[in-house]
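User: I've got a structure open and want to go through the side-chain packing with you. Can we take it one question at a time?

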Amino acid sequence: MEQKTTGSHRKRNWILTGAVILFAALAVVVLFLIRPKSGAPDRFVIYYGDGQSLSVSAWETRTVVLRDGEIAERATGEGEENVIHIENGEAWMEHANCRHGECMEQGRLNAESVKTRPLGTWIICAPHRVNVEYRGIGQ
């Protein structure tokens, strides 16, 4: 036997269907807002000293000071010093007291710039033996 749906049941079904669709749309919006920007790097790896490295999330705002092959608390301008800044998915050499300063001229390292940079995924300060590597999603 076939049951007939009354008006109140139909109305209830439409309300329930609407609530499910609204909840699913809200979940999609929330997931879209909390995900990292498309193509953004997971992290930057800073190589320094005698084979040491430091991995930093690309979405962490951080300034890393290296002096004479070691991590330092703050920049002083003494010794072999490099200051690397990481913010909003980008890293750049903010300061270096090497003789030519070419590492500072290499610009910002990010998901888009690696496609066109002469050094690709790297910022290199050869005199101080400091390298910053971009590590993208899945690398």
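Predicted model: local features only at pLDDT ≥ 70, side-chain atom pairs only at ≥ 80, totals over all residues.

**Packing, rings and cysteines**

User: How many residues are in the largest nonpolar core?
Analyst: Phe-44, Ile-46, Ile-84, Met-93 and Val-132 have the most contacts inside that core. Strands giving two or more residues to it include S1 (41–48), S5 (81–87) and S8 (130–136).

User: His-128 is in the loop between S7 and S8. Is His-128 buried or exposed?
Analyst: Not counting residues up to four places away, His-128 touches Glu-80, Glu-81, Asn-82, Asn-97 and Cys-98. The cut-off to apply is under 20% relative accessible area. His-128 has 8%, so call it buried.

User: Are the rings of Tyr-47 and Trp-122 stacked, edge-to-face or tilted?
Analyst: A search of the whole structure turns up two aromatic pairs. For Tyr-47 and Trp-122, the ring centres are 5.8 Å apart and the planes sit at 35°. Stacked needs under 30 degrees and edge-to-face needs over 60. With planes at 35°, the pair is therefore tilted.

User: How many residues apart are Tyr-47 and Trp-122 in the chain?
Analyst: Tyr-47 counts as partly exposed at 24% relative accessibility, and Trp-122 is partly exposed too, at 28%. Tyr-47 is in strand S1 and Trp-122 in strand S7, so the pair links distant parts of the chain. Their separation is 75 residues.

User: Which ring does the charged end of Arg-108 sit over?
Analyst: The charged end of Arg-108 is 3.6 Å from the ring centre. That ring belongs to Trp-92.

User: How many disulfides does the structure hold?
Analyst: Cys-98 is buried at 11% relative accessibility, and its sulfur is 3.7 Å from the closest cysteine sulfur, in Cys-125. Cys-103 is buried at 2%, with its closest cysteine sulfur also in Cys-125, at 3.8 Å. A disulfide needs the sulfurs within 2.5 Å, so both distances are too far for a bond. The number of disulfides is zero.

Key:
Residues numbered from 1 in each chain as written. Heavy atoms only, no water. Core = buried A, V, L, I, M, F, W, Y, C linked by side-chain atoms within 4.5 Å. Buried < 20%, exposed > 50% of the residue type's maximum accessible area, 1.4 Å probe, protein only. Helix = DSSP H or I, 4+ residues; strand = E, 2+ residues; numbered from the N terminus. Contact = heavy atoms within 4.5 Å. Phe/Tyr/Trp six-rings, centres within 6.5 Å; stacked < 30°, edge-to-face > 60°. Lys NZ or Arg CZ within 6 Å of the ring centre and 35° of its normal.
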